[in-house]
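This report looks at how two chains meet and at some of the local features found within each of them. The sequence and the structure are shown first.

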Protein chains: 2
Amino acid sequence: MRFELGDALVVLERTPRVLRELLAGLPDAWARATEGPDTWSPFDVVGHLIHGERTDWLPRTEIILREGESRPFPSFDRFAQFEASRGKRLEELLDTFAELRAANLDRLRGFGLTAGDLARKGRHPELGPVTLEQHLATWVAHDLSHIGQIVRVMGRSYTDAVGPWRAYLPMLGSQR
Amino acid sequence: MRFELGDALVVLERTPRVLRELLAGLPDAWARATEGPDTWSPFDVVGHLIHGERTDWLPRTEIILREGESRPFPSFDRFAQFEASRGKRLEELLDTFAELRAANLDRLRGFGLTAGDLARKGRHPELGPVTLEQHLATWVAHDLSHIGQIVRVMGRSYTDAVGPWRAYLPMLGSQR
């Protein structure tokens, strides 16, 4: 599938609503479930997505548009949410994520990106040169990947409960 | 996580809303995407979930409650949706799924299942004896597994578009 900005926006704008339907009001047995030590719960994932809205997707877009490859992106803290989400309720995180995402997509639309802009490059600290188009496609794939993580964590909570059906549910059976 | 009927219901009742937020109005480039020949698109998955509502989850629950292990469950057709969904719009499938799921959960609640009922057994044609609790836990895990499949299929559509970031997105990189 070729990248089209409109296709990307239609997914990015619905992620907050998907997460709300999936998670708002869930008992902690689901929302705080993990896949074991040092793995993330659905609650942790929402905090990670918030941190991405604040420090990754729009800021890096602006670096690409303003500075190109002249300096590498600041690195992204994959563990910031453990401190930032502490003491917060899941519903509060879902609201924060929805507000940040809406504001970021408004700004993205405001750039009026052209095909030429999408081909512009930035410099990733580890991956090297990357285009704005690759960065925006990654935003979409990252959302989808973390929705997948949330449902996997929840599903695996029932690995024992499903009994022999585990053999028919690859999501439960693969290694953690 | 131990199985509790209330925890299961809270997930089962939100699946139609999650799918609606994820899929309603999506361009066909997303909704009809697959992972290659003989793999399912998001559209196909919704048809599969409809078939499960019609022929699997409630009917097998009733067989367990009424007939126990005396006869095996009828087998489930994993490909029925290809004929049943033909010519339909995705929004129509989402509506049908929501109506069937709501009706099935009403019936499930109406059974007033006790701990004793959850321990009752049926006979799966391949897996052998299974409890009602395992059957209902599988309903939940099956929902979550197919939501995971839908976002995986969508995310993998951008496998090329993300460029070097593929290395950071295991959902795109693992074998199909």
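## Helix 1 of chain A and its surroundings

In this predicted model, the buried residues of helix 1 of chain A pack against helix 2, helix 7 (90–110) and helix 9 of chain A, together with helix 3 and helix 9 of chain B.

Helix 1 of chain A is mostly covered, with 7 of its 8 residues buried. The buried residues are A:Leu5, A:Asp7, A:Ala8, A:Leu9, A:Val10, A:Val11 and A:Leu12, a list that includes an aspartate, A:Asp7.

## The interface between chain A and chain B

How many residues of each chain are in contact with the other? On the side of chain A there are 55 such residues, and they are in contact with 55 residues of chain B. The size of an interface is often given as the accessible area lost when the parts come together. For chain A and chain B the buried area is about 4,500 Å², and carbon and sulfur atoms give 71% of it. Three residues, A:Met1, A:Tyr158 and A:Trp165, supply 18% of the area that chain A buries against chain B, which is more than any other three residues.

The interface holds 2 salt bridges, and one of them joins the side chains of B:Arg17 and A:Glu21, with a distance of 2.8 Å from N to O. On the side of chain A that touches chain B, at least two residues each are supplied by helix 1, helix 2 (15–23), helix 3, strand 2 (128–131), helix 9 and helix 10 of chain A. Helix 9 of chain A gives the largest share of this side, with 15 residues.

## Aromatic pairs across the chains

Over all chains, the count of aromatic pairs comes to 10. In one of these pairs the rings of A:Phe3 and B:Tyr158 have their centres 5.7 Å apart and their planes at 40 degrees, so the pair is tilted. Because A:Phe3 lies in the segment before helix 1 (5–12) of chain A, and B:Tyr158 in the loop between helix 9 (132–156) and helix 10 (170–173) of chain B, this pair joins two chains. Both A:Phe3 and B:Tyr158 are buried, and together with B:Trp30 these two residues form one aromatic cluster.

A further pair is made by A:Tyr158 and B:Phe3, whose ring centres are 5.7 Å apart and whose planes are at 40 degrees, so this pair is tilted. The pair also crosses between chains, running from A:Tyr158, in the loop between helix 9 (132–156) and helix 10 (170–173) of chain A, to B:Phe3, in the segment before helix 1 (5–12) of chain B. A:Tyr158 has a relative accessibility of 0% and therefore counts as buried, while B:Phe3, with a relative accessible area of 5%, is buried as well.

## Charges over rings

Within chain A, the charged end of A:Arg32 sits over the ring of A:Phe43, at 3.6 Å from its centre. Within chain B, B:Arg32 lies over the face of B:Phe43, and the distance to the ring centre is 3.6 Å.

## An aspartate with positive phi

Most residues other than glycine have a negative phi. A:Asp38, although it is not a glycine, has a positive phi of about 60 degrees. A:Asp38 is found in the loop between helix 3 (28–31) and helix 4 (42–55) of chain A, and with a relative accessibility of 83% it counts as exposed.

In chain B, B:Asp38 is likewise not a glycine and has a positive phi of about 60 degrees. B:Asp38 lies in the loop between helix 3 (28–31) and helix 4 (42–55) of chain B, where it is exposed, with a relative accessible area of 82%.

## B:Lys121 in strand 1

B:Lys121 lies in strand 1 (residues 121–124) of chain B and is partly exposed, with a relative accessible area of 39%. Leaving aside residues up to four places away in sequence, B:Lys121 touches B:Ile64, B:Gly68, B:Glu69, B:Pro129, B:Val130 and B:Thr131. B:Lys121 and B:Glu91 are 30 residues apart in sequence, and their C-alpha atoms are 37 Å apart in space.

Conventions:
Residues numbered from 1 in each chain as written. Chains lettered and ligands numbered in written order. Predicted model: local features only at pLDDT ≥ 70, side-chain atom pairs only at ≥ 80, totals over all residues. Heavy atoms only, no water. Phe/Tyr/Trp six-rings, centres within 6.5 Å; stacked < 30°, edge-to-face > 60°. Helix = DSSP H or I, 4+ residues; strand = E, 2+ residues; numbered from the N terminus. Buried < 20%, exposed > 50% of the residue type's maximum accessible area, 1.4 Å probe, protein only. Lys NZ or Arg CZ within 6 Å of the ring centre and 35° of its normal. Contact = heavy atoms within 4.5 Å. Buried area = accessible area lost by both parts, 1.4 Å probe. Salt bridge = Lys/Arg side-chain N within 4 Å of Asp/Glu carboxyl O.
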